[in-house]
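Me: I have a new model open beside its sequence, and I would like to go through it with you piece by piece. Could we start with the charged pairs and work outwards from there?

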Amino acid sequence: MDWLQAFILAVVQGLTEFLPISSSAHLVIPSLVLDWPDQGLAFDVAVHVGTLAAVIIYYRRDLVAITRNWFASLAGAAPTADSRTAWYLLVATLPVGLMGVLGGDAIEAHARNLPVIATTTLAFGLLLGLADRHAQRTPGSRPLGLRVALLIGLAQALAPIPGVSRSGITITAALLLNMSRQEAARFSFLLSIPVITGAGLLKGWDLANGAVAVDWALIGSAALLSGVTAYLCIALFLRLLDRVGLMPFVYYRIALAALLYFLWLG
């Protein structure tokens, strides 16, 4: 991989990790369509570290409050909304962890191809549109609770399939459960922290146990670029979410799916 390809993929990772358009699909497409080399494990870990740092920095105050109140509740203090959020994040993370352990190899072997990515991009894009229309007709006010968190987590279990989009499926589930757009996006982004951390640790372990030459300058630059891009993406997305809704992403997914079907059938 040359520097230009690395920078393009780092920006793609930063943009798509938190937008409801599937980062995994966008990272697979260049290798399938443009015949780019696989970015490699070190690069994959680096750009995920960048996006993880971005969401942690953006929600740093929330995370401090959640962590402090969670530990206080473990020590016997009365539960608070923040301490409960920590448990909700844990519960919602378990299904996708199980999916990764039990189905990760099958997904890697059978789902990283154009027809699958095109179909999931279209199907879950239309489902996102349905959820957004539901949110317009029924403004959400449902509070986050254990049952809601578990249902969102079960939806997130589909996220390892390229084209589904982790943020897209979790926001879709939250909106269909009558959460507000802002609360749906906030929980989805907070939920990305344990998911990205877990995936990064597993890939980091594989990297540490492999004899692979690493271009530290290249992957360090990629991590920084993906992080800056992801931070700006989160900030802009949340600022525009109530104003423009999610339909622009639905239309984008439909257009992308049409292009992928064309490339596959052509």
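Me: Which residue forms a salt bridge with R181?
Reply: A salt bridge here is a side-chain nitrogen of Lys or Arg within 4 Å of a carboxyl oxygen of Asp or Glu. The closest N and O atoms of the R181 pair are 2.9 Å apart. Its partner is D132.

Me: How many residues apart are R181 and D132?
Reply: Helices are DSSP runs (H or I, at least four residues), numbered from the N terminus. R181 belongs to helix 9 and D132 to helix 6 (residues 114–137). The pair links distant parts of the chain, and the separation is 49 residues.

Me: Which pLDDT do side-chain atom pairs need to count?
Reply: Happy to set out the ground rules: residues are numbered from 1 along each chain as its sequence is written, and side-chain values use heavy atoms, with hydrogens and water left out. This is a predicted model, where totals for chains, interfaces and linings use all residues, local features need pLDDT of at least 70, and side-chain atom pairs count only at pLDDT 80 or more.

Me: What is the relative accessibility of D132?
Reply: Buried means under 20% relative accessible area, exposed over 50%, and partly exposed in between (1.4 Å probe, protein chains only). R181 counts as buried because its value is 15%. D132 also counts as buried, because its relative accessibility is 0%.

Me: How many salt bridges does the count come to?
Reply: Besides R181 with D132, D62 forms a salt bridge with R186, the closest N and O atoms again 2.9 Å apart. D62 lies in helix 4 (residues 60–74) and R186 in helix 9 (residues 181–208), so this pair ties together parts that are 124 residues apart in sequence. D62 is partly exposed because its relative accessible area is 25%. The count comes to two.

Me: What is the angle between the planes of F18 and F189?
Reply: Rings of Phe, Tyr and Trp (its six-membered ring) pair if their centres lie within 6.5 Å; planes under 30 degrees apart are stacked, over 60 edge-to-face, and the rest tilted. The count of aromatic pairs comes to nine. F18 and F189 form an edge-to-face pair, with 5.4 Å from centre to centre and a plane angle of 80°.

Me: Where is F18?
Reply: F18 and F189 are both buried. Their pair links parts of the chain 171 residues apart, with F189 in helix 9. F18 sits in the loop between helix 1 (3–16) and helix 2 (23–33).

Me: Which residues do ring pairs link into a cluster?
Reply: F237 and F249 form a tilted pair, 5.6 Å centre to centre with 55° between the planes. F237 lies in helix 10 (residues 216–244) and F249 in helix 11 (residues 247–265), so the pair ties together parts 12 residues apart in sequence. The cluster joins F18, F189, F237 and F249.

Me: Which residues in helix 8 do I152, A155 and Q156 meet?
Reply: Contact means heavy atoms within 4.5 Å. I152, A155 and Q156 are on the helix 7 side. Across from them in helix 8 are R166, I169, T170, A173 and A174.

Me: Which helices are included in what covers the buried residues of helix 2?
Reply: The buried residues in helix 2 are S23, A25, H26, L27, V28, I29 and P30. Their cover includes helix 1, helix 6 and helix 11.

Me: Is S22 buried or exposed?
Reply: S22 is not a glycine, yet it has a positive phi of about 80°. Its place is in the loop between helix 1 and helix 2. Because its relative accessible area is 1%, S22 is buried.

Me: What is the relative accessibility of N178?
Reply: Phi of N178 is near 70°, a positive value in a residue other than glycine. N178 is in the loop between helix 8 and helix 9. It counts as partly exposed because its relative accessibility is 26%.

Me: What separates the C-alpha atoms of L232 and G14?
Reply: L232 is in helix 10, and it is exposed because its relative accessible area is 55%. L232 and G14 are 218 residues apart along the chain, while their C-alpha atoms are separated by 8.9 Å.

Note on methods:
Helices (H or I, at least four residues) and strands (E, at least two) are DSSP runs, numbered from the N terminus.
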